[in-house]
Amino acid sequence: MLKRYMSRDNQSVTTQDLNDLGNFPRQSFDALVSNAVSGLKYFSGFAATRSGQAEVTLGPGYFWGGGPFYSREGDTVFNFLTGGSYLPAAAGLKRKVAIVTYGETVQTDVQDRGFRTDDEGAAQSQSVPVQEYRYARLDLISGPIAADPQKPTLDVGLVPVAWVTLDNNGVLETNGIEMAEDYRLPSVESLKQLIRAIQSWREQIGQAIDTIQTELITIKAAIPHRIGKLLQDIIARLDELEHLAKRPASAVKVFIEQFISEDFSDTDAAGYSAKVEFGLSFPLGASAVQPIALVNPLDAKVKTVNDIMLPAWTEKKRVSVTDGDGEISILQYPVSTRETVQKFLTRTVWELEPFENVQYRDGIGLGSSVLLTQVLEQATRQAFSEAGGSYSQSDLVAAWDEAKAQLAANGIGKMFEVRGAGGEARGFQIYAQDHYGATVYYYRLTRKIVSQEPYWDTVTTTTQVSGTHVSQTFNQATDGWLTSVEFELSQVAGSGDVHILVCETAGGKPKLDAVIGRGMVSVASLVAGMNRAPINPTFMKGGRMFSIILASSGNHFLRTKSGNTYAQGAAFYLDDTGAWQPIQNSGDLCFGLNFATFASNRIEVQMQSLELAGGISTMRLLTADREPDGTRLIWEVQRAGRWYQISEGEPEALSGAPNLVAFRAVFIGTQDLMPGFDISQSEVQLGRLADEFKHISIERTLDAATTSVQLAYEVQGWDSDDHVLVPSVIVAGSPVAADTVTSFANPDNSAKVRFLADFTVPSTTSFTPVLDGATDTTGKYFVVTERRDSAF
């Protein structure tokens, strides 16, 4: 009680003292109800039944007034014939009557009591009530008469108990009484049952709800941009006009070399040393391979299990089949020794080019959409061609259109990506820089090569597992990292470890040659009940069927559950022929699947620094990773105090060819899904470009003899103080030097330099172009983006 009356020996007692013995407990109960049960008005009890043609009987019940509560004992009968004019007079009409309750405090139980009338002890008898009773009143409130009657409007202090529907004969036999369940006070037992129902419901669909944010991100990332037909026609026409504009008027034949691949290069020629890949550039001079490793092996930001590194995670159960009602003995099925093939993660390769490929100068400023269009066209053409090999004009425009849409949404400085049919992706980034009052637009290419399957077949480990093999298939609703598998035993034998395999399925049955995760529980650790088997973190692709396989030589008993629909799979055993057969009449195995859940949606993890003596100008990342849709695994290096995104092709990351750069991984995702990688199968290949190159083209064959040849070539990143580029041609096996070499600014792109080299050659029907280039400064390179070989 909140208050307690205190009395002492030989203490006089007043009337208020005695009344407080009842008031104090009442005040405590009122406070308990108001604060712990409900501060609103409800009823309980008052079960209503149709006890006659025009009669309704209510049982005992309570009115709860948000603190005070009132009771009514015994049955209460309402007769709608004798109790008033409630029944409609005409057939076809009806009326709804509310049976309501409210509280009233009354004084009752009148008894004779003696009262002193003077100080000498004289007394007089009086009849007085000796109880104060909180009484729950019941009353009737009529609604309007109508063919489709409505419920009556009630005053604020009234609580409906039941709605009674009347016609001209009395209470309707069917659906004549409707309890006002919304106003019934829920009991602790009813709440317990509700909690059980919610838990059961959550087990049914909780996995989908838990990961809905991740799914929304995945769906958004997969929505394509629309392509305009008019835009496709415009770009196709611009491409044709560009080639016509650059053709010399008097040339009898023109050969165009855009250095997309080495198809037009004589790589077997003596002295050949160059890199041809969307531009002619310097070959690799020195290189080194460095494994990816943590600076701090105990870094709490990540968790590495069996070399699989993920952001630090805790487990959360997504799938649970419990409360089994049956059991099966493992050894009732055939014992065999089977080979299993363990798959590993996807391979991803990132390559960062050492220089910008194209620049466009805009003297007006960032608002010039014409210049941005030129950058996008050039970047997308090269990126898509490298990613997919051959391509149609409509394919090119599709990629360009999507990149423009991303640019409009994200702004300059974002990474765009196009993908070829072979699974190779080529990315490019557009960025801007102020240059003496004008804006120069750049783009930089990166390459990303990704296997499209979730696990890579060509890197596998084959092992043997002996014993009986029992399996349970299940549908995986959403993407996630599986970290442990639970299975329930009803009996544990004295011997026999339990091996757990997680594998892909074919035709709804397990595939032992497609194992993607494994674990084991020793017989000493087995218990009668749920057993947990940790496995290497295994990425589970949503929308696919997988299987867990339990293999053991011990006669353990597995708990099963019949009639289960959640797992949406089936139980199998492996027969003597190696075929999976369904387990009849046993339902599903009782099991649970625990997935990783992450505390943060972005973490930065320091890796060991990258170092190459003489400077780093190129970088190639090879990682065995998994980057689910909606997540990102970004690799960054630090130079001059700033972090640059290598995997996003961010400009100036390796400017100046630094000898040493800090290195880190950035994991981006959601609470339910993050990227991860196998640290034992990931490495960085560092390179430094050579200081010179020599490129020899294939022989150019003419239709008629000529004595005049011209090489017109465009160079990106040219600096006459540091760079040398010498053109020549080979005629009849002998080199011929240029008569004149003239340079001038590119009128279409002021960030490039155009060269014209004119040659007088002996009369010939063929010639071979040669370019020799060199740089005096390590880390400062140029690229030849195009060359046109003309014969006159």
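This short talk describes some strands, aromatic rings and charged side chains of the structure shown above.

Good morning. The model is predicted, so local features are reported at pLDDT of at least 70 and side-chain atom pairs at pLDDT 80 or more, while totals for chains, interfaces and linings use all residues. Residues are numbered from 1 along each chain as its sequence is written, and side-chain values use heavy atoms, with hydrogens and water left out.

I begin with an open sheet. Its four strands follow the order β37-β41-β39-β40, and their pairing is antiparallel. At the edges stand β37 (602-611) and β40 (642-645); each has a single partner strand, so one side of each is left without a neighbour in the sheet. From one strand to the next, the twist averages 30 degrees; such angles run from 0 to 180 degrees between N-to-C directions, with axes as lines fitted to C-alpha atoms, for helices over the stretch in contact. A strand here is a DSSP run of E with at least two residues, a helix is a run of H or I with at least four, and both are numbered from the N terminus. Two strands pair if DSSP finds at least two bridges between them. In general, strands of a sheet pair through backbone hydrogen bonds, either parallel or antiparallel.

How many bridges join β37 to β41? There are eight, and β41 covers residues 660-668. Within this pairing, M607 stands opposite F663 in β41.

Next comes strand β45, residues 723-731, which is joined to strand β48, residues 752-775, by eight bridges in an antiparallel arrangement. Here H723 has T775 as its bridge partner in β48. β45 also pairs with strand β46, residues 734-737, in the antiparallel sense over four bridges. I730 has P735 as its bridge partner in β46. Together β45 and β46 form a hairpin with two residues between them, and A732 in the turn has a positive phi of about 55 degrees.

I now turn to the aromatic rings. The structure holds 19 aromatic pairs. Rings of Phe, Tyr and Trp (its six-membered ring) pair if their centres lie within 6.5 Å; planes under 30 degrees apart count as stacked, over 60 as edge-to-face, and the rest as tilted. One of the pairs, F474 with F591, is tilted, at 6.0 Å centre to centre and 40 degrees between the planes. The two residues are 117 residues apart, F474 in strand β26 (residues 456-476) and F591 in strand β36 (residues 591-598), and the pair links distant parts of the chain. Buried means under 20% relative accessible area, exposed means over 50%, and partly exposed lies in between (1.4 Å probe, protein chains only). Elsewhere, F282, F693, Y713, W718, F755, Y781 and F782 form one aromatic cluster.

Two arginines sit over rings. A charge counts in this way if NZ of Lys or CZ of Arg is within 6 Å of the ring centre and within 35 degrees of the ring normal. R134 has its charged end over the ring of Y70, 5.8 Å from the centre. R318 lies over the face of F595, 4.5 Å from the ring centre.

Finally, the cysteines. A search of the whole structure finds zero disulfides (pairs of cysteine sulfur atoms within 2.5 Å). C503 is buried at 0% relative accessibility, and C590 is buried at 2%. Thank you.
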